[in-house]
Amino acid sequence: MSAGGGITLIIWSLELLLKTVEELNFLITFKRELEGDRKLKDALKIETKDGNFEKVDVLVENDEGIKIGFQKQKNGQYRIISGKVSDELKEKQKKLIGQIKQRYAYNLVKEELTKKGYTVVEEKNLDKNAIKIVARRWR
Amino acid sequence: MAEKEEIEILVSEEGEIEFLIKGIKGPSCHKVAQELGKILGEIKEIRNTPEYYEKEETKTKLEKKIK
């Protein structure tokens with residue numbers, strides 16, 4: 001082994017984000033760019049914990065009414081915005097955000113490493129719901 | 001002979017990513033780490049494992065010997 005480290009995930013790909021939330025079976029997923037109706041575009045807002053409303057590009061909601069918004073920034077990154085929830089649901093919301101980020105990272109790793117000539121040789125669910133992926137290539 | 005390169009990635013429940021690159025010698029390993037960082041987001045840190053230095057040291061010794 002030669003080196004290891006940590007990476008902070010950044011969400012860039014709208015396509016992959018939508019694929020990810022679809023795989024996770026969230027009940028409602030709205031995407032502003034897809035909606036032709038201007039009124040609908042404007043309606044895509046999320047109420048934050050401070051009671052303010054922020055426009056988002058993607059809004060996901062689960063069957064418990066937990067909302068998570070994704071807002072595209074000027075640099076192309078998507079900022080995650082947590083919707084207002086009751087205290088009891090805060091931990092669940094945090095878990096849902098983690099779930100989306102984890103699945104997005106998993107999809108991204110598989111997609112991009114395959115493009116670079118790697119083959120995924122191992123996929124495992126570990127303790128504490130972590131995912132392990134091992135990719136290999138010969139040079 | 002072809003050499004095996006392996007990347008091990010752990011994604012936590014919170015979406016935190018840890019990686020381990022195996023089989024790539026010296027600084028080339030950092031290049032792969034940087035590429036990985038670009039794909040996934042932003043590199044927080046890169047830690048060299050003892051083998052990183054071992055291989056570099058071996059190479060240096062060899063280079064010295066050749067010189």
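Author: Glu122(A) has Val134(A) as its bridge partner in S9(A). This is a predicted model, in which local features need pLDDT of at least 70, side-chain atom pairs count only at pLDDT 80 or more, and totals for chains, interfaces and linings use all residues. Residues are numbered from 1 along each chain as its sequence is written, while chains are lettered from A and ligands numbered from 1 in the order in which they are written.

S8(A) pairs with S9(A), residues 131-138, in the antiparallel sense over six bridges. Strands (E, at least two residues) and helices (H or I, at least four) are DSSP runs numbered from the N terminus, and two strands pair if DSSP finds at least two bridges between them. S9(A) also pairs with S1(B), antiparallel, over eight bridges; there Arg137(A) stands opposite Glu5(B).

The open sheet has six strands in the order S8(A)-S9(A)-S1(B)-S2(B)-S1(A)-S3(B), with antiparallel pairing. Its edge strands, S8 (119-125) of chain A and S3 (41-48) of chain B, each pair on one side only.

Helix H3 (residues 87-115) of chain A lies across S1, S8 and S9 of chain A together with S1 and S2 of chain B, at about 10 degrees to S9(A). Axes are lines fitted to C-alpha atoms, for helices over the stretch in contact, and angles run from 0 to 180 degrees between N-to-C directions.

The contact between the chains takes 32 residues from chain A and 40 residues from chain B, where contact means C-beta atoms, placed from the backbone, within 7 Å. H3(A) gives the largest share of chain A's side, nine residues.

Conventions: Two residues are in contact if their C-beta atoms, placed from the backbone, lie within 7 Å.
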